[in-house]
Amino acid sequence: LDEPYGTVTMSEGNLVVVQSSDYPYNRATMGVASGKWYWEGKITAAGGDDVFGIASVAAASSTDYLYKSANNYAYYSHSTNHGAYGNNASISTTDYDAYTTNDTISIALDLDNNKLYFAKNGTWANSGDPTSGATGTGAVSVTDPASTVDGFYFPAAADYGGSPRATWSMNFGNPPHSISSGNADANGYGNFEYAPPSGYLALCTKNLGSDGG
């Protein structure tokens with residue numbers, strides 16, 4: 001992940017991030033424009049307002065929270081307010097539970113059909129089915145990457161604000177934290193807490209080289 005604004009402490013090859021200022025999100029350096037991709041984030045220390053999702057653009061100021069910008073989407077968690085958000089508005093709160101320390105949030109991003117799925121501890125929110133294709137059962141519909149500013153979607157994580165601050169441990173297939181089960185994608189890449197849905201690949205350079213992105 002990168003750190004465009006605010007005060008951020010990163011470690012483990014920039015896979016573990018602790019944000020110590022409000023709002024600005026941290027976006028990965030590798031984005032995708034097509035295909036089906038899977039990754040996870042473990043919240044190893046919960047904050048008051050935690051955010052995990054995808055960003056089409058990097059934060060432009062110190063007051064940019066993840067889902068504020070157009071075509072940015074996130075699973076936002078607060079004790080009394082949690083759900084899928086995008087384009088600076090709530091999209092869905094159905095079956096989006098708050099998450100806390102040691103919970104794992106999964107993302108399945110289907111850019112063949114422009115659908116985004118979130119899971120908490122292996123259960124897809126809103127009865128989501130990442131294998132449903134164009135039907136997009138339980139999915140958040142996203143703008144086609146070609147119509148976004150940068151033309152790609154990037155994994156992103158943040159702490160919206162408040163105290164304490166969240167610590168995110170990102171897993172694109174080589175986790176900096178311990179895994180209790182261990183699951184790879186169909187190409188044999190990745191070491192995930194939960195199995196990638198059928199047809200989805202770990203967001204890693206080996207898969208980008210063989211399957212596009």
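How much space lies in the largest pocket? The answer is about 340 Å³, as computed for this predicted model.

**Figure 1. Lining of the largest pocket.** By class, nine of the lining residues are nonpolar, seven are polar and one is charged.

**Figure 2. Salt bridge between R27 and D150.** The closest N and O atoms of R27 and D150 are 3.2 Å apart, and the two residues form a salt bridge. R27 belongs to strand β3 (residues 26-27), whereas D150 lies in the loop between β12 (140-141) and β13 (154-161), so the pair ties together parts that are 123 residues apart in sequence. R27 is buried, at a relative accessible area of 11%, while D150 is partly exposed, at 35%.

**Figure 3. Salt bridge between K120 and D103.** Here the closest N and O atoms are 3.9 Å apart; the pair counts as a salt bridge because the cut-off is 4 Å. K120 is found in strand β10 (residues 115-120) and D103 in strand β9 (residues 103-110), so this contact ties together parts that are 17 residues apart in sequence. K120 is partly exposed, with 22% relative accessibility, whereas D103 is buried, with a relative accessible area of 11%. By the rule applied, the count for the model comes to two salt bridges.

**Figure 4. The largest nonpolar core.** This core contains 33 residues. The residues with the most contacts inside the core are W39, F52, I54, L109, L116 and W168. Strands β4 (36-45), β5 (49-55), β6 (73-77), β9, β10 and β14 (167-171) each supply at least two of its residues. In soluble globular proteins, nonpolar side chains tend to be buried together.

Figure 5. A separate core of twelve residues is shown, with Y25, Y67, Y76 and A158 among them.

**Figure 6. The chain as context for the close-up views.** The chain has one helix and 15 strands. Of its 213 residues, 53% count as buried. Among the contacts in the chain with a separation of 6 or more, 60% are accounted for by residues 24 or more positions apart.

Terms used
Residues numbered from 1 in each chain as written. Predicted model: local features only at pLDDT ≥ 70, side-chain atom pairs only at ≥ 80, totals over all residues. Heavy atoms only, no water. Salt bridge = Lys/Arg side-chain N within 4 Å of Asp/Glu carboxyl O. Helix = DSSP H or I, 4+ residues; strand = E, 2+ residues; numbered from the N terminus. Buried < 20%, exposed > 50% of the residue type's maximum accessible area, 1.4 Å probe, protein only. 1 Å grid on protein atoms, 1.4 Å probe; cavity = no way out; pocket = protein on both sides within 12 Å on 5 of 7 lines; lining within 4 Å. Points joined across faces, edges and corners; volume = space filled by probe spheres on them. Nonpolar A, V, L, I, M, F, W, Y, C, P; charged D, E, K, R; others polar. Core = buried A, V, L, I, M, F, W, Y, C linked by side-chain atoms within 4.5 Å. Contact = heavy atoms within 4.5 Å.
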